[in-house]
Amino acid sequence: NSYTQNNNLPNLVQQMATSTNDVLIQNSNLIGGYRFMDHVTNQTSLNQINSNDWDYVVLQEQSQMPAFPINYVNNNVFPFATQLTTIAKQNYSCSVPMFYVTWGRKNGDAQNCPSQPALCTYIGMDDLLQQRYRTMAETNNGVLSPAAAVWRYIRLNHPTIELFSADESHPSLEGSMAAAYTFYTAIFKKDPTLVT
C-alpha cells in the first residue's frame, strides 16, 4: 500500500539491483490503505501474481492491522496472508511469500492507543508488528524483509537520520532507502554495501 508506494520503493530496489548487475523483474499493485483482504479480491493484484513465475511475492499488510488485538488479527489478517500465499503457490509452486515487516509509528498509534495501550509507543507497536509478521512468515513457509528491525537499529544508533515523513507514519526518502536496502539484502543475499 502507501508504505511501498511512497518514494516508489520498488524502483529504489530496482536501481540497487541494477547498480550491482543483478536482475530484478518486478511488478506491483500499490493502493493506499489496502489490506490483504482487499488484495485477495482485487483483479489487478491477482493478475499480477499470476503474470510470472515469481521467486518472491512480497506481501505488505495495512500498517496498523497486524498490531491489533490477536483475535482481530486471527480473523482479519492471518487468513488473508495464507490465502495470498496459496494464490501465489497455485501460480508457481516455487514462489516464496516475502513479508514486508513495516515499523511502528514514530510516537505510537495515537488513534488506537486509548483502547490498546501497547500501541501507545513506537516500541510497543513495533514489537507487535515484528512478532505478527514473524508468525505470518512461519505459518506460510515464507521469509521476512525485516525493514522494521533495520529502522529500529537506525533509530537507536543514528538518531539524526529521519526515517519518517511529517505524518510520523510513512517513510521519508531515507526511510524508504533503509527499506530498499533491506529488500535488496533479503532478495539477493548480498552485502548491501555493494550497491553504488
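Biologist: How many aromatic pairs does a search of the whole structure find?

Modeller: This is a predicted model, in which local features need pLDDT of at least 70, side-chain atom pairs count only at pLDDT 80 or more, and totals for chains, interfaces and linings use all residues. Residues are numbered from 1 along each chain as its sequence is written, and side-chain values use heavy atoms, with hydrogens and water left out. Rings of Phe, Tyr and Trp (its six-membered ring) pair if their centres lie within 6.5 Å; planes under 30 degrees apart count as stacked, over 60 as edge-to-face and the rest as tilted. By this rule, the search of the whole structure finds seven aromatic pairs.

Biologist: Why is the pair of Trp103 and Trp151 classed as it is?

Modeller: The ring centres of Trp103 and Trp151 are 3.7 Å apart. Their planes meet at 5°, so the pair is stacked.

Biologist: Is Trp103 buried or exposed?

Modeller: Buried means under 20% relative accessible area, exposed over 50%, and partly exposed in between (1.4 Å probe, protein chains only). Because its relative accessible area is 0%, Trp103 is buried.

Biologist: Which class does the pair of Tyr184 and Phe188 have?

Modeller: Both residues lie in helix α9, four residues apart; helices (H or I, at least four residues) and strands (E, at least two) are DSSP runs, numbered from the N terminus. The rings of Tyr184 and Phe188 are 5.3 Å apart, centre to centre, with 40° between the planes, and the pair is tilted.

Biologist: What is the order of strands in the open sheet?

Modeller: Two strands pair if DSSP finds at least two bridges between them. β1 and strand β2 (residues 96–100) pair in the parallel sense over four bridges. The edge strands, each pairing on one side only, are β1 (56–59) and β3 (143–145). The open sheet of three strands therefore has the order β1-β2-β3.

Biologist: Which residues form a disulfide?

Modeller: A disulfide is a pair of cysteine sulfur atoms within 2.5 Å, and a search of the whole structure finds one. Cys113 is partly exposed at 22% relative accessible area, and Cys120 is also partly exposed, at 28%. With sulfur atoms 1.9 Å apart, the disulfide is formed by Cys113 and Cys120.
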